[in-house]
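My entries follow the structure.

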Amino acid sequence: MAIRDSARGAAYLECTRCGQPYPSDRLHRLSPCCEKPLYPRYDLDAIRPHFRPADLATREATMWRYAEVLPVRDPAFRLTLGEGFTPLIDAPRLAAELGVRRVWVKDEGQNPTGSFKARGLAMAVARAWELGVKAVAIPSAGNAGSAMAAYAAAAGLEAHVVVPEDTPRPIVEEIRSLGADLELIPGLITDAGRRVGEGVAAYGWFDVSTLKEPYRVEGKKTMGYELFEQLGGRLPDVIVYPTGGGTGLVGMWKAFEEMERLGWIGPERPKMVTVQAAGCAPIVRAWESGAQEAGTWEGAHTYASGLRVPRAVGDFLILQAIRASGGAAVAVPDAAMAEWVLRMGRTTGIFAAPEGGATAAAVPVLLERGVISADDEVVLFNTGSGLKYISA
Ligand SMILES: *Cc1c(COP(=O)(O)O)cnc(C)c1O
């Protein structure tokens, strides 16, 4: 592998609320100072001279090609099942249906375990493993659970997954087949979180809930680096992202900031658009009301299980990125997601998850509101494979 030994992991971790630094060589969850997500920070000035886009061409086609800006230090801990470097698919007929100049679909359904959760969980499990963790645990709407189970199996770690009882069947079977200890509970991912908390307290499991440990975001941020590489060294006008916990959206935003410090891009940014389900839209509600934080959405319901996240720990980070980019947050009903899964399928050959359908469903709304123009180049994130939702 053509990755230099200069990949040394993060220099330190930083509280996303107050900037307080923490050492990066031990396990952390939320920042002790503010109970907010911690971000890994790298010595980008030292990395910059020998981490240039041209250096990447011959590297392996996984997210580990960006090792210099990733937290795992020892290459022996770079767990891989082939995650990342998913295709960016040009979709001219979908663009024509949507009425915009150019549409690309970043097809994250081609990741191991059929969703982009593979990126974040590969990173979190690998780093926890490197730091000596023996048992990992996760509350999940489904896809994060199967991704964690896969990487825990690859590393030989104990895996504990708690999911709502109405999680799509294929995902439940997948988690079981990957050897995890699985518990199905009544309620939502927030209820699953409480159950995992009990296991953490009783058995010392390490909880890899999104943004409650510092490394899933580092896996997801690689989508930002990939967009730049796959578009030949530039970024699109608009990124439409189906947002649950928002890890990928804030991760790409972090990647762009790093890429600017590395001298790859200037200060320009794509408009970041959050799409949520009409039945669970806490970020949209907060964005519309001008709030800095989102609070909890009561009575969450949508068949897009990845979007059934009533409360996001990184809410303020999502809202900051949307606002700073001139983007927007829109909610779409389940029926529109389902309709656009079909229209995307017929015009592109991609069998999308409902969350992917949601991104296409948002485009007419964005055009109507003037957030994007017909002349824009738009990237839609299909975050998972439609095959995982067959029973839904
Ligand atoms: C988890 C998930 C999402 C939401 O991702 P976040 O980064 O947590 O916002 C979207 N789509 C699918 C298929 C998912 O599994």
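Basis. I worked from a predicted model, in which local features need pLDDT of at least 70, side-chain atom pairs count only at pLDDT 80 or more, and totals for chains, interfaces and linings use all residues. Residues are numbered from 1 along each chain as its sequence is written, and side-chain values use heavy atoms, with hydrogens and water left out.

Terms. I took helices (H or I, at least four residues) and strands (E, at least two) as DSSP runs numbered from the N terminus. I counted two strands as paired if DSSP finds at least two bridges between them.

Entry 1, three-stranded sheet. I found an open sheet with the order β2-β1-β3 and antiparallel pairing. β2 (21-22) and β3 (38-41) are its edges; each has a single partner strand, so one side of each has no neighbour in the sheet. I then looked at β1 (residues 12-15), which runs antiparallel to β3 and is joined to it by 4 bridges. Tyr 12 is opposite Arg 41 in β3.

Entry 2, six-stranded sheet. I read the order as β4-β5-β13-β10-β11-β12, in an open sheet with mixed pairing. β4 (88-90) and β12 (328-332) are at the edges with a single partner strand each, so one side of each is left without a neighbour in the sheet. Neighbouring strands here are turned by 25 degrees against each other on average, direction ignored (axes are lines fitted to C-alpha atoms, for helices over the stretch in contact; angles run from 0 to 180 degrees between N-to-C directions).

β10 (residues 238-242) and β11 (residues 271-277) run parallel, joined by 5 bridges. Val 240 has Val 273 in β11 as its bridge partner. Helix α10 (residues 315-325) packs on the sheet and touches β11 and β12 (contact means heavy atoms within 4.5 Å). The direction of α10 makes about 135 degrees with that of β11.
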